[in-house]
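Hello,

Here is the structure I promised to pass on. Please have it open while you read; my notes follow below.

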Amino acid sequence: MIKCGFCGHNLSRRSHHSGTTHQKWVWHCVSYTKKGKQYCPECKAVDEAIIEGAFVQGYNLLAGDNSDVLSEFLNRLENSLFTAGSAKRLEKITKQIKSYEARRQKLLDLLLDGTISKSDYAEKKAEIDKDLQPLYEEQKALQQTDDDEQRLKQQLTECKEALEANPILQEFDRRVFEAVIDHVVIGERHEDGTVDPRKITFVFKAGIQPPPSPPISGNKTCSLTRDNTC
């Protein structure tokens, strides 16, 4: 769930100062740790405690201080789902496909009992197949749309349940984290070419876009952008 903002690869969990009183867990880009610094020179290891603290702060701003804004977001997301239109179209397309397939089967039956010739069968079957091809393509696209929507609805349900049951977090809760966060991006390259290896971006599930939050302690930032991130 944690991605590098520079090379796009995953981050892995590693122990620093293992076996000592200063032992701590950090997250670092796998390109850097497995291939070498030259493969991702701008990434830096980020303390796990910093990531967890940033999540708690961003989550509390979303679920606690802005509950009215959150309610508006969730309602807007529910209203934007397109189940009715896509489902009706998918049902119609499926019926059309079954009708064409039934005609094709009947055509085969006519060939097998000798009612029509092979040339007539091939010609009429080609016509049916030509009409079926775009229907198959549209059906596939609509099924993908339906699958995506069902996934979005499930994410929305999980987010709502987590946000309503946990309006404020006193400490990091992995269960809540996994319910509301799609992924985390560590590090960012600005348009002017400068980099911020400590930038932490939380991408929420179901298109939830939290309100802006201030910098967190330790000179590490947890900021919000327009792509549903904190």
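H28 counts as buried, because its relative accessibility is 11% and the cut-off for buried is under 20%. Keep in mind that this is a predicted model. H28 belongs to strand 3, which covers residues 24–29. Which residues does H28 touch, leaving out those up to four places away in sequence? They are N10, L11, S12, R14, T33, C43, K44 and A45.

Another histidine deserves a look. H17 has a positive phi, near 55°, and is not a glycine. Most residues other than glycine have a negative phi. H17 sits in the loop that joins strand 2 (11–16) to strand 3.

**Overall layout**

The protein chain has 6 helices and 6 strands. Starting at the N terminus, the order is β-β-β-α-β-α-α-α-α-α-β-β. Of the 230 residues in the protein chain, 36% are buried. Among contacts in the protein chain with a separation of 6 or more, 56% are between residues 24 or more positions apart.

**Nonpolar cores**

The largest nonpolar core holds 30 residues. Within it, F55, V180 and F202 touch the most other members. Several elements each give at least two residues to this core: strand 1 (2–4), strand 3, helix 2 (48–63), helix 5 (118–165), helix 6 (174–180), strand 5 (181–189) and strand 6 (195–204). Helix 2 provides the largest share, with 7 residues. There is also a second, separate core of 11 residues. I97, L107, I128 and L132 are among its members. In soluble globular proteins, nonpolar side chains tend to be buried together.

**Aromatic rings**

The count of aromatic pairs is 5. What is the geometry of the F55 and F172 rings? Their centres are 5.8 Å apart and their planes meet at 75°, so this pair is edge-to-face. The pair links distant parts of the chain, with F55 in helix 2 and F172 in the loop between helix 5 and helix 6, 117 residues apart. F55 is buried, with a relative accessible area of 1%. F172, by contrast, counts as partly exposed at 26% relative accessibility.

F172 also pairs with F177. Here the ring centres are 5.5 Å apart and the planes are at 50°, so the pair is tilted. F177 is buried, at 9% relative accessible area. One aromatic cluster takes in F55, Y59, F172, F177 and F202. F55 and F202 were already named above for their contacts in the largest nonpolar core.

Two charges sit over rings as well. The charged end of R13 lies over the ring of W25, 3.9 Å from the ring centre. K35 lies over the face of Y39, at 5.7 Å from the ring centre.

**Salt bridges**

The structure holds 10 salt bridges.

- D47 and K24: the closest N and O atoms are 3.4 Å apart. This bridge links distant parts of the chain, D47 in strand 4 (residues 46–47) and K24 in strand 3, 23 residues apart. D47 is partly exposed, with a relative accessible area of 26%. K24 is partly exposed too, at 34%.
- E188 and K199: the closest N and O atoms are 2.9 Å apart. E188 lies in strand 5 and K199 in strand 6, so the bridge ties together parts that are 11 residues apart in sequence. K199 is buried, at 6%.
- D129 and K125: the closest N and O atoms are 2.7 Å apart. The two residues are 4 residues apart in helix 5, so about one helical turn separates them. D129 counts as partly exposed at 23% relative accessibility. K125 counts as partly exposed at 26%.

Best wishes

Terms used:
Residues are numbered from 1 along each chain as its sequence is written. This is a predicted model: local features need pLDDT of at least 70, side-chain atom pairs count only at pLDDT 80 or more; totals for chains, interfaces and linings use all residues. Side-chain values use heavy atoms; hydrogens and water are left out. Buried means under 20% relative accessible area, exposed over 50%, partly exposed in between (1.4 Å probe, protein chains only). Contact means heavy atoms within 4.5 Å. A nonpolar core is a set of buried Ala, Val, Leu, Ile, Met, Phe, Trp, Tyr and Cys residues joined through side-chain atoms within 4.5 Å. A salt bridge is a side-chain nitrogen of Lys or Arg within 4 Å of a carboxyl oxygen of Asp or Glu. Rings of Phe, Tyr and Trp (its six-membered ring) pair if their centres lie within 6.5 Å; planes under 30 degrees apart count as stacked, over 60 as edge-to-face and the rest as tilted. A charge sits over a ring if NZ of Lys or CZ of Arg is within 6 Å of the ring centre and within 35 degrees of the ring normal.
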